[in-house]
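Dear colleague,

I am handing over the structure below, and my notes on it follow directly after. Please read them with the coordinates open beside you.

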Amino acid sequence: MTATPDSETKRQVSNPVSDASEKSVSAVTGLVRDIVTDVFGLLDGLRSAVEALIRSREQEGVALLRQDLAVLRPDIEAVIRYGGRMVAGAGFVPAPGTLTDERMWLEWWVRSEEPEAVRRLLINLDPTSDHYVDFTRLPWYDTPMRTGRPHITGPYVDYVCTDEYSLTFTMPVGPTAGAGQGPLGVVGADIYVSDLEPRLLPHLARMAAPALLVNAQGRVVVSTTARHTTGSLIHHADLKTPKTAGSSPAPNVSGTLHRCGDAPLSLVVLGS
Amino acid sequence: MRQRLLSGGARVALFAPLESLGRAELVLRRLTDVIALGLLVDGEQLPAESELATQFGVSPVTVREALTILRQQKLVTTRRGRGGGSFVCAVQDMPGAILRRRLEALTLGQIRDMADHYAAIAGSAARLAAQRAAEENLQGLQEAIKELAEAPDAVSRRRADGLFHIEVAAAAQSARLTREELKLQTEVGALLWLTTDGADAGQHVVEEHRGIAAAIASADADRARELAEAHITKAMDRLWQLRLELVRPEPGQG
């Protein structure tokens, strides 16, 4: 599965606008669904590699050390290479205690300016370092650790690692069933909203009505209306409205909501 | 028609030096800040010189130069041989002395300018946060407030205070405002705490943070902005006053 839908969405000049809009709707929802499926598919590969590594160390009866994580590089790079400069970074974040020699560690690599090159994300000297904020309380780590399920965080300002407006895909690693302990960490990937937008906007712009891609809370990822720009919240009758103190806000948009497969992202095409 | 030209003052601002400090000095300042802010803890090992050079995007010589000064200031110690390297030595009252020196280097006019800048950033961030914050963001704010209320020492107080403001900017969903807030934190965040020593240190700050968080939670954008601006202005006024006192003779002596 690839995320290059251009061939299937080529617009026929003679088509009525509504027809083109309909095609654009399925192009966007299909593309988002594919991206989410692909990224979690690649993360699943990384997860297997982490689990195999942990198992082999257990069988040998030796401690798992930070340097052992070097063998994960090919799987991490496979995630980062996905979609041609779409993924900003990826890696494995062990739960505190999983590594013997480091309590807190991010085995995280980010793409660099040169094509095909990656560099390690070093955050220990940044004011946003892990000394500054305990990452275990952040949603991209905490949610999959707690629920045992894959999770997409954001869009949010990732002030701990990259300072970018991002979506972070994470899934828990291990333990083998019935071990009575929590997961051993999470594997994950970052996609910047600014890298996602150029892939979606052409399809959104082709629609007759303003359209927005939003997350499950109604947070706008990409939009073609200045009334609801990236990062703002929409309240739509079909979305779980985020609760602010006191009242649940009344819907502020009306339009058709299209789900993107099982992904926690939806396309809203405005109109009554 | 002739285009309107910028006034003299505005032109000066346009062509202000891009980076007034040397590279070694920038590295030095960053490391000093990080240690003074308590982001690197006592005894923590710094990355190797070559790694620091790559990370900062400077030459190893520049890093070595900065480390030499840090050693002279007794902010790091270097051990040779196996398991050696540079280690942070954070002495409890040491950051105060450094910060005082930093404050002395600022003019009252610069502090006023900084106050305006900071109030603009914090006010806008709070206004947007009130419009855009979701449950997750509100939780982040509450956690930062709790951390400040329970902070056991000066270093954790500074850290928790900074965290609150960064959480507000993150709740605004703005990467740029968040980066500005981080920069301001490094520049003045620690200085502000020079004015808040003492037993009940930080209690009024906690109260003000609670007020801002409540305005954000009730989606009251105007009030959130007003409270955030007042919060910063008050803190910067105290800093301005402290700076003024540095040149004033002791009371009763003049």
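Strand β10 of chain A (residues 263-270) is mostly covered, with 7 of its 8 residues buried, where buried means under 20% relative accessible area, exposed over 50% and partly exposed in between, for a 1.4 Å probe and protein chains only. Helices (H or I, at least four residues) and strands (E, at least two) are DSSP runs numbered from the N terminus. Strand β7 of chain A (residues 211-215) runs antiparallel to β10(A) and is joined to it by 5 bridges, and S266(A) in β10(A) is the bridge partner of V214(A); two strands are taken to pair if DSSP finds at least two bridges between them. Strand β9 of chain A (residues 255-260) is also antiparallel to β10(A), with 6 bridges, and here C260(A) has A263(A) as its bridge partner. The hairpin of β9(A) and β10(A) has 2 residues between the strands, and G261(A) takes a positive phi near 60° in it.

Please keep in mind that this is a predicted model, in which local features need pLDDT of at least 70 and side-chain atom pairs count only at pLDDT 80 or more, whereas totals for chains, interfaces and linings use all residues. Residues are numbered from 1 along each chain as its sequence is written, chains are lettered from A and ligands numbered from 1 in the order in which they are written, and side-chain values use heavy atoms, with hydrogens and water left out.

Turning to the aromatic rings, there are 4 aromatic pairs over all chains, counted for rings of Phe, Tyr and Trp (its six-membered ring) with centres within 6.5 Å, where planes under 30 degrees apart count as stacked, over 60 as edge-to-face and the rest as tilted. The pair of F135(A) and W140(A) is stacked, because the ring centres are 5.9 Å apart and the planes lie at 15°. F135(A) is buried at 1% relative accessibility, as is W140(A) at 4%, and ring pairs link these two residues and Y141(A) into a cluster.

In chain B, helix α9 (residues 175-192) has 18 residues and should span 26 Å at 1.5 Å a residue, which agrees with the 24 Å between its end C-alpha atoms; the expected span is 1.5 Å times one less than the number of residues. Of the 18 residues of α9(B), 13 are buried, so the helix is largely enclosed by the rest of the structure.

With regards
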